[in-house]
Amino acid sequence: MSEVVTGDAVVLGLRPARLPSRALALLIDLVVVWTAYLLISIGLVFASASLDEAAMTAVSIASFLLVLVGGPVAVETLSHGRSLGKLACGLRVVRDDGGPIRFRHALVRGLIGVVEILMTFGVIACIASLVSARGRRIGDVFAGTLVVRERVPVGRTAPVPPPPPWLVGRFAQLDLSAVPDALWLGIRQYLTRMGQLDPEAGRALAERLADELAARTGTPPPPGVPAAAFLAAVVHERQARDARRVVPAGAGVGAGGVAGGGGASVLAGSIVSVGAVGAGGSAGVAVGGAGASAARSAAEVGEGLPRGSGTGFVPPA
């Protein structure tokens, strides 16, 4: 795993793509691009049959640059680093700091790729990737980019810590439609690594993320609520809404086998909602991917354990 330190002193774990997966993605992209180039070239031959030799040469050069260079650059720019081959292999091109690439990054990679990929059949790119500790080709070095694995096994991802019980359900009316995926990813990365950060740097990053989230939702953190607890509660609310779209309301199974009126639903190993007490007096729990964790958190709420126990958050005074 490659470690990248952002401007907020947060260490992000990036998994650089290995040469076999990159080679397969490149092969898929080359097949698609060369197929499109040949079809367009055949069409141009028939369309420009009446042109003289100089005009034919100009048309050929223009089609080469537009299809074999401009096409991949446009695709990587519009898809934020995912060409068809990378999408199939679960790869993505990102900046050195882990952010999405822009047009200038894709342009530099595309122009240098003409030499190290198209003109040398990928030999230079393979040698550069083998020599580089992070598997970068020459175009990545000059563009300041890195090809990373986008698909990470679920078992290797750290779960998001549950919010404090006194914040559960407090943001049920919050409008989350304007929050972009990039911000959700940043919040998740912070919550799963906040115990590893320097306290001051972690507090500053949490406040910045909370301000950005408040700007997107129009709702600032409640007075006295730490920024980290606010972020955890909002992520909890989003997961609860996602779970309700999949699991029907009231479909939970009680702790003693009695169907409950609501449940502590689990999504991707994180608690997403804590429901009402079941008909038999047991807290209803809908079993997801981490039933034991859900049961402990439901018991914490139902049996009056100290608030904030096991969550890492302390209630406001």
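Ten salt bridges are present in the structure, which is a predicted model. One of them joins the side chains of Glu76 and Lys86, with a nitrogen-to-oxygen distance of 3.6 Å. This pair connects distant parts of the chain: Glu76 belongs to helix H2 (residues 53-78) and Lys86 to helix H3 (residues 84-89), ten residues apart. Glu76 has a relative accessible area of 8% and is therefore buried, given that the limit for a buried residue is under 20%. Lys86 likewise counts as buried, because its relative accessibility is 11%.

A further salt bridge is formed by Arg109 and Asp140, whose closest N and O atoms are 2.7 Å apart. Here too, distant parts of the chain are linked, since Arg109 lies in helix H4 (residues 103-118) and Asp140 in helix H6 (residues 138-143), 31 residues apart. Arg109 counts as buried at 4% relative accessibility, and Asp140 counts as buried at 0%. The residues of these two pairs also belong to a network of salt bridges that links Arg22, Glu76, Lys86, Arg109 and Asp140.

The salt bridge between Arg203 and Glu200 has its closest N and O atoms 3.0 Å apart. Both residues lie in helix H8; because they are three residues apart there, about one helical turn separates them. Arg203 is partly exposed, with a relative accessibility of 42%, whereas Glu200 is exposed, with a relative accessible area of 54%.

Nonpolar residues were examined next. The largest nonpolar core comprises 28 residues, and those with the most contacts inside it are Ile187, Tyr190, Leu191, Leu213, Phe230, Leu231 and Val234. At least two residues of this core come from each of helix H7 (181-193), helix H8 (199-217) and helix H9 (227-246). The greatest contribution is that of H9, which provides nine residues. When neighbours within four places in sequence are left aside, Leu231 is in contact with Ile187, Tyr190, Leu191, Ala206, Leu209, Ala210 and Leu213. Another core, of nine residues, lies apart from the largest one and includes Ala17, Ala25, Val73 and Val147.

The unreviewed UniProt entry carries the annotation "transmembrane region" for residues 24-48, 54-75 and 111-131. In the model, the span of residues 24-48 is 96% helix and 0% strand, and its end C-alpha atoms lie 36 Å apart. For residues 54-75, the corresponding composition is 100% helix and 0% strand, with 30 Å between the end C-alpha atoms.

Terms used:
Residues are numbered from 1 along each chain as its sequence is written. This is a predicted model: local features need pLDDT of at least 70, side-chain atom pairs count only at pLDDT 80 or more; totals for chains, interfaces and linings use all residues. Side-chain values use heavy atoms; hydrogens and water are left out. A nonpolar core is a set of buried Ala, Val, Leu, Ile, Met, Phe, Trp, Tyr and Cys residues joined through side-chain atoms within 4.5 Å. Buried means under 20% relative accessible area, exposed over 50%, partly exposed in between (1.4 Å probe, protein chains only). Helices (H or I, at least four residues) and strands (E, at least two) are DSSP runs, numbered from the N terminus. Contact means heavy atoms within 4.5 Å. UniProt positions are given in the numbering used here, feature names are shortened, and annotations may be inferred rather than shown by experiment. A salt bridge is a side-chain nitrogen of Lys or Arg within 4 Å of a carboxyl oxygen of Asp or Glu.
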